[in-house]
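Subject: Structure handover and notes

Hello,

Here is the structure for you to look over. My notes follow it.

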Amino acid sequence: MTKKIEGYWVDATVPVPEHGKHGKWMRLAKEMQVGDSVVLTHSERAMFRTAAQKQKIRVTSLTEPDSHGFYRCWKAGVKE
């Protein structure tokens, strides 16, 4: 069934995707071991840090990019 609300078409028949509620940043933060690091762009770093904070995971990252414009982020631990 499709209906229009406030100028937007709303479809009630499209199923929810099977991949679950956690995206790649949540999975990455969860599956990394303490001390592991990853190299990310500025926007990826922001999304990774937000996902980690939601899971109470501590992250440390460089505040200045390397010569290629990337940032290294480490999983520093888990908050209790």
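Buried means under 20% relative accessible area, exposed means over 50%, and partly exposed is in between (1.4 Å probe, protein chains only). Helices (H or I, at least four residues) and strands (E, at least two) are DSSP runs, numbered from the N terminus.

This is a predicted model, so local features need pLDDT of at least 70 and side-chain atom pairs count only at pLDDT 80 or more, while totals for chains, interfaces and linings use all residues. Residues are numbered from 1 along each chain as its sequence is written, and side-chain values use heavy atoms, with hydrogens and water left out.

Helix H1

In H1, the buried residues are Trp 25, Met 26 and Ala 29. They sit on the same side of H1, because they cover an arc of only 100° around the axis. The arc is that of the directions from the helix axis to the C-beta atoms. Lys 24 and Glu 31 are exposed on the other side of H1. For Lys 24, the relative accessibility is 52%. What do the buried residues of H1 pack against? They pack against S3, H2, S4 and S5. Contact here means heavy atoms within 4.5 Å.

Helix H2

H2 runs over residues 42-54 and has 13 residues. From first C-alpha to last it reaches 19 Å, close to the 18 Å expected at 1.5 Å a residue. The expected span is 1.5 Å times one less than the number of residues. Arg 45, Phe 48, Ala 51 and Ala 52 are the buried residues of H2. Seen down the axis, they fall within an arc of 135°, so they line one face of the helix. Their cover includes helix H1 (24-31), strand S3 (37-40), strand S4 (57-61) and S5.

Thr 50 has a relative accessibility of 40%, and Gln 53 has 49%.

Thr 50 and Met 26 are 24 residues apart in sequence and 8.9 Å apart in space. Lys 24 and Ala 51 are 27 residues apart along the chain, and their C-alpha atoms are separated by 9.2 Å. For Gln 53 and Val 78, 25 residues apart along the chain, the figure is 9.5 Å.

Lys 75

Please look at this one. Lys 75 lies in strand S5 (residues 71-78). Which side chain of opposite charge is nearest to Lys 75? That is Asp 36, 7.5 Å away. Lys 75 is buried yet has no salt bridge. A salt bridge is a side-chain nitrogen of Lys or Arg within 4 Å of a carboxyl oxygen of Asp or Glu. Lys and Arg count as positive and Asp and Glu as negative; His and the chain ends are not counted. A polar atom of the Lys 75 side chain does lie 2.7 Å from the backbone oxygen of Met 32. Not counting residues up to four places away in sequence, Lys 75 touches Ala 29, Lys 30, Met 32, Gln 33, Val 34, Gly 35, Asp 36, Ile 57 and Arg 58.

Ser 61

Ser 61 is in strand S4. Ser 61 is buried, at 16% relative accessible area. Its side chain makes a polar contact with the side chain of Arg 49, at 3.1 Å. A polar contact is a pair of N or O atoms within 3.5 Å; within protein, one must be able to donate a hydrogen and the other to accept it, and residues adjacent in sequence count only if both atoms are side-chain atoms. Leaving aside neighbours within four places in sequence, Ser 61 is in contact with Arg 45, Arg 49, Arg 72, Cys 73 and Trp 74.

Backbone and chain end

Where is Glu 6? Glu 6 lies in the loop between strand S1 (2-5) and strand S2 (8-11). Its phi is positive, about 50°, although Glu 6 is not a glycine. Glu 6 is exposed, with a relative accessible area of 73%.

Lys 56 is not a glycine either, and has a positive phi of about 60°. Lys 56 is found in the loop between H2 and S4.

Lys 79 lies in the segment after S5 and is partly exposed, with a relative accessible area of 43%. Leaving aside neighbours within four places in sequence, Lys 79 is in contact with Lys 56 and Arg 58. Lys 79 and His 68 are eleven residues apart along the chain, with their C-alpha atoms separated by 32 Å.

Best wishes
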